[in-house]
Amino acid sequence: MKASLPLIGILLAACAHAQDAPLPKLEQRYGFSLSESYPQKTPQETMKAIVRAFDSDRVDYLLAHLVDPAFVDGKVAEYKKGFPATLDERTRTLLAFDKLLREVKAHFREDPILEKEIRTFARKAEWKEDGETRVGTLEKTSRKIVMKKSGERWFMFEQQK
């Protein structure tokens with residue numbers, strides 16, 4: 001079954017309430033340790049890290065550490081409800097994360113233009129401060145990418161048309 005949400009909704013969108021909540025300090029998420037190979041000290045570094053994750057076929061790391069944690073955690077919590085309660089909590093969590101990962105990968109396969117857009121943002125976006133966020137825009141498009149800082153790291157929050 002195709003994911004009913006566009007990739008932007010699955011991967012990059014954040015729930016409105018999540019934007020107000022502080023992001024947690026993250027070292028290990030869904031079995032993936034934070035890696036210095038994917039720096040996040042600036043929005044530009046985070047975009048390059050996202051591209052590096054694509055190049056390395058590490059969409060799992062992208063979801064675990066580069067995208068808004070509240071969004072990913074919300075989707076995982078939603079998907080956990082679909083697994084039997086007889087399974088232990090950790091197993092249900094990892095199965096739910098895997099389901100989200102498969103949906104995101106399928107979405108990229110179905111619409112390869114989305115990855116190209118992200119790569120273009122990584123190379124050419126102009127970043128403007130908007131409160132606690134930075135908004136990346138491109139010339140000749142209304143699409144934007146929003147980054148939010150938590151601690152010393154920036155996370156991709158949403159991409160909007």
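Residues are numbered from 1 along each chain as its sequence is written, and, the model being predicted, local features need pLDDT of at least 70 and side-chain atom pairs count only at pLDDT 80 or more, whereas totals for chains, interfaces and linings use all residues. Side-chain values use heavy atoms, with hydrogens and water left out.

**Helix packing**

Helices (H or I, at least four residues) and strands (E, at least two) are DSSP runs, numbered from the N terminus. Axes are lines fitted to C-alpha atoms, for helices over the stretch in contact, and angles run from 0 to 180 degrees between N-to-C directions.

Helix α5 (residues 69-80) packs against helix α6 (residues 89-110) at an angle of about 115 degrees, their axes being 8 Å apart. The two helices α5 and α6 are therefore roughly perpendicular (65 to 115 degrees, with under 35 counted as roughly parallel, over 145 as roughly antiparallel and the rest as oblique). The crossing of α5 and α6 is right-handed, a term used if the near helix is turned clockwise from the far one by less than a right angle, and left-handed if anticlockwise. On the α5 side, the contact (heavy atoms within 4.5 Å) is made by Val72, Lys75, Val76, Tyr79 and Lys80, while α6 contributes residues including Arg92, Ala96, Phe97 and Leu100. By class, this contact of α5 with α6 holds six nonpolar, one polar and six charged residues, where Ala, Val, Leu, Ile, Met, Phe, Trp, Tyr, Cys and Pro count as nonpolar, Asp, Glu, Lys and Arg as charged, and the others, Gly among them, as polar.

For α3 and α4, the packing angle is about 150 degrees and the axes are 8 Å apart; these helices, α3 and α4, are therefore roughly antiparallel to each other, and α3 passes α4 in a right-handed crossing. Thr46, Ala49, Ile50, Ala53 and Phe54 of α3 meet Val59, Leu62 and Leu66 of α4, and the residues of this contact of α3 with α4 divide into seven nonpolar, one polar and no charged.

**Positive phi in two loops**

Most residues other than glycine have a negative phi. Asp57, in the loop between α3 (43-55) and α4 (59-66), has a positive phi although it is not a glycine, and Lys140, in the loop between β4 (133-137) and β5 (144-150), likewise has a positive phi without being a glycine. Both Asp57 and Lys140 are exposed (over 50% relative accessible area, with buried under 20% and partly exposed in between, for a 1.4 Å probe and protein chains only).

| Residue | Phi | Relative accessible area |
|---|---|---|
| Asp57 | about 55 degrees | 53% |
| Lys140 | about 70 degrees | 82% |
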